[in-house]
Amino acid sequence: VISMARLCCPAAARTYTTAIRRYIARAAAPGSCRSVSVQPAPSVHRRDAQAISLRQGDSEWRLQAGKEAPVIHRSVQGGMHQRLFRHALGIRNMVLPRGFPSTVAPGYAGYTGWLGAGLFAHSFTVMVSTNALLSGFFAEMSAATWLVKDLLPPLFAGSIASRIRTLEANPKKWLSAACFANSVLGVAEFLIPHMLPMASWMLLAICTNMGKMTGYLVIGAARAVLQKTLASGDNLGEVTAKLGTLGMLMHCFGAATALTLVQFLDFWGQLGALSIGAVIGFYAPVRASQCVVMSSVTAVSLRRIATRWVATRNIKRRWICPSPGQLHDELAARWSVVHSLAARASVWRELLSEDAGVLRMGAVSVHIAPLLSADNVAALAEWRNEMVAMEAGLSPAWTLGAPGDGRLLLLYSTSAVASDLIEGFAVASLVTHEVAASLGGDRKAATADLVRASAASMREWRRDAASLGATMEAVGWQCASCGFDDVSRRVEWGKC
């Protein structure tokens, strides 16, 4: 500042420098501050009574009383261990956001560690399998064939990924399912040029690439949901950038390790190393997702809470709503590899099904905003018209229906807000326990039984559902951000 001032206005620079020197002299004089003890800022270091120094990185600016301008010096402080510490701190700052750990959720450190291990193992697996596949393609086929292999899969992957409707509700399930699929496909790609005839390479490589690209889309989307939860402040962009940096570092280390080992390992050695990498590539992301406590209300968390709430309500016991952390700990304690693989098999039903808005509540399937058939529309209209005629206190934001095949339909209108979503789901949960036996059989009979039970208990059900929402908010659930249904499939109800 003084150097710039000297160039622009020498007189002002001399006046400013003289004032600073006088201030330093007064501050250094004994007994100058007897009544108040003033501590210097942590970044300001006093070399002696006549100078102050400011540090910026490896540079040091010294302002002494006898000199008109500050003098820059290279830092003479720090040995080898301090230099190593500064370099380690720089690496730490590459992958951790500013203000860590106060600026992120508590599970960020565990998530980062497990994610780094998973990314390293996945990069190792991909590089070993790609090396084997490339060797086969370029040894027996042309480079144009390899390009064709990469042109078709993106179209297929985009169409498959667009069918996923519950990723926001259950990102952990989709993350682990995609990581497992990519690990298996990586091993399959390695075996293709070693064990199968050359005529099948092209088709199989296209198929595995389709699956892997779909997995990459799902993994990226699932990680975005988890990272939004980890960013406790307005630092989602920084958290995403830091974890992206971690991903690039692990990709480089994993690829370098793979390219080094393949030079010394034979087929069985590469297969063994690839298998270990595939296992870690599946297990580590699952453990990383378990470090994230999801406090937003989704169809999955609300189903678990509503099931316990209804069971407690029916036996007249005091209801204690689990907090997000408690529910997370309970589910993490029950986790096992076998349970994880069995649960992830449900993703194929969603990918192959035309109607993914179905949840199982005991023996009854609750269809949340399903693809409606003519019978579904008739069942919804009949129940709503009867309830309006009886003035039974029906909510204008959601409607129930009994198509007569044991299912219960739950449909929201375009005017539904977060509290309406929770209320409709809670009422549907009560219905499944109180009139489940009446939902089967003929549609007319099922609708009549549903109308009879709803007319007698609707006001009570809605009051209890409101208390459920208030209890969930009190223990830390983010009910205001509840949005588990598919907005594009809602309908606007006309006047009945």
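**Note on the predicted model: helix packing and nonpolar cores**

1. Helix α16 (residues 418-434) packs against helix α17 (residues 443-474) at an angle of about 130°, and their axes lie 9 Å apart. Axes are lines fitted to C-alpha atoms, for helices over the stretch in contact, with angles from 0 to 180 degrees between N-to-C directions. Helices (H or I, at least four residues) and strands (E, at least two) are DSSP runs, numbered from the N terminus. The two helices α16 and α17 are therefore oblique to each other; angles under 35 degrees count as roughly parallel, over 145 as roughly antiparallel, 65 to 115 as roughly perpendicular and the rest as oblique.

2. The structure is a predicted model, in which local features need pLDDT of at least 70 and side-chain atom pairs count only at pLDDT 80 or more, while totals for chains, interfaces and linings use all residues. Residues are numbered from 1 along each chain as its sequence is written, and side-chain values use heavy atoms, with hydrogens and water left out.

3. On the α16 side, the contact is made by Ile422, Glu423, Ala426, Val427, Leu430, Val431 and Glu434; these meet Leu450, Met458, Trp461, Arg462, Ala465, Leu468 and Gly469 in α17. Contact means heavy atoms within 4.5 Å. The residues of this contact comprise 10 nonpolar, one polar and three charged. Here Ala, Val, Leu, Ile, Met, Phe, Trp, Tyr, Cys and Pro count as nonpolar, Asp, Glu, Lys and Arg as charged, and the others, Gly among them, as polar.

4. Ser438 lies in the loop between α16 and α17. With a relative accessible area of 25%, Ser438 is partly exposed; buried means under 20%, exposed over 50%, and partly exposed in between (1.4 Å probe, protein chains only). Not counting residues up to four places away in sequence, Ser438 touches Ala446 and Asp449. Ser438 and Gly406 are 32 residues apart in sequence, and their C-alpha atoms are 7.9 Å apart in space.

5. The largest nonpolar core has 44 residues, of which Trp383, Trp398, Leu400 and Met472 touch the most other members. A nonpolar core is a set of buried Ala, Val, Leu, Ile, Met, Phe, Trp, Tyr and Cys residues joined through side-chain atoms within 4.5 Å. At least two residues of this core come from each of α11 (299-314), α15 (374-390), β7 (398-401), β8 (408-412), α16 and α17. Leaving aside neighbours within four places in sequence, the contacts of Trp383 include Trp398, Leu400, Leu450 and Met458. Another core, of 28 residues, lies apart from the largest one and includes Val104, Leu175, Leu226 and Leu246.

6. Ser183 is found in helix α7 and counts as buried at 6% relative accessibility. Beyond residues up to four places away in sequence, Ser183 touches Ala278, Gly281 and Phe282.

7. Gln478 is placed in the segment after α17 and is partly exposed, with a relative accessible area of 42%. Apart from neighbours within four places in sequence, Gln478 is in contact with Ser295, Ser296 and Val297.

8. For the protein overall, there are 17 helices and eight strands, and 43% of the 496 residues count as buried.
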